[in-house]
Amino acid sequence: MEKFSIDRFLFSPGRRLIGYVVRGVSKRGVLASVAGFFSDRSLDIAYCSTRAASEGEEGRILLFIDFTDSPLDPYMVADELGKLDVIGNVEVIEPKIRGFIADTSFPLIIGGARAVLLDESALKGLLLKFRERLGTGGEAMLYHIGLDVGKERWRYILRMAEEIGAERFMDKVSIAAEVFRSMGYGIMRIRELREELPHAVLEVWDCIECQLGRPAKRPFSQFIRGLLAGITSVIYEMDMYALETRCIAVGDPHCLFEITPQK
């Protein structure tokens, strides 16, 4: 399974990193032109992020370039880059501390909504310490938080799915599973799925919550199973309940959730 890093800052001891914010009218080949520009000057791109824009609208590319072994002047490079037909203007970002640079674009947005990034240490505080301090009451709260998050977020996801014409039941389920994975919750696989008589059995591999909960004496998930109940409630258009019957926290190879109508 391929890992994907979303670090927005770099620690590079001894390296001279310079940032560039490149703006211009979005059109085909812009990113290739910019990448080729730095490659022609033997400059390595250490980081690159782009803001999606429709063709003809203004786009933005943020790059961190390694100048450590280069005799080139970063500002002269910026002037040359700005002369490309596809570029509107170029802003240079000088790091405050050598060996460290950060993408400080703000605020973060996911699907039109503001977002924050939580690493494992933060998730432990939310998913583990919360329940340790509040006991079974904390576990119940995590389930209902997940339920509300699943309903709220996936209403937007499925509304967007319908806008692109994905109105079939299985299309919605497929999109929900891929978004679930892309957001880092785990890898969802459908074992059983019924549309007319609402019922689903879902495998989740590498569930983030249960991975943090190892080892446990019983199935550990509260937030994720609430999330799955919320997602399926939106898909089935009725209140659903999720029960975890297998769990990696107790030694199973994957987590297994049975989704049924809420009694």
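Q: Two strands pair if DSSP finds at least two bridges between them; how many bridges join β9 to β10?
A: Seven bridges join strand β9 (residues 187–194) to β10, and the two run antiparallel. This is a predicted model, where local features need pLDDT of at least 70 and side-chain atom pairs count only at pLDDT 80 or more, while totals for chains, interfaces and linings use all residues. Residues are numbered from 1 along each chain as its sequence is written, and side-chain values use heavy atoms, without hydrogens and water.

Q: What sits between β9 and β10?
A: Four residues separate β9 from β10, and the two strands form a hairpin. Strands here are DSSP runs of E, at least two residues, and helices are runs of H or I, at least four, numbered from the N terminus.

Q: Which residue in β10 is the bridge partner of methionine 188?
A: Valine 204 is the partner of methionine 188.

Q: Is β10 largely enclosed or open?
A: Largely enclosed by the rest of the structure, because six of the seven residues of β10 are buried. Buried means under 20% relative accessible area, exposed over 50%, partly exposed in between (1.4 Å probe, protein chains only).

Q: Where is glutamate 203? Buried or exposed?
A: Glutamate 203 lies in β10 (residues 199–205). Its relative accessibility is 13%, so glutamate 203 counts as buried.

Q: What does glutamate 203 touch?
A: Beyond the neighbours within four places in sequence, glutamate 203 contacts (heavy atoms within 4.5 Å) Ile187, Met188, Arg189, Arg191, His254, Cys255 and Leu256.

Q: Switching topic. What is the strand order in the open sheet of four strands?
A: The order is β3-β4-β2-β5, with antiparallel pairing. β3 (44–51) and β5 (89–93) are the edges; each has a single partner strand, so one side of each has no neighbour in the sheet.

Q: How many bridges join β2 to β5?
A: Five bridges join β5 to strand β2 (residues 17–25), running antiparallel. Tyrosine 20 stands opposite valine 92 of β5.

Q: Now the helices. Which residues of α4 meet α6?
A: On the α4 side, Phe169, Lys172, Val173, Ala176 and Phe180. The α6 residues they meet are Ile224, Leu227, Leu228, Ile231, Ile235 and Tyr236.

Methods
Pairing = 2+ DSSP bridges.
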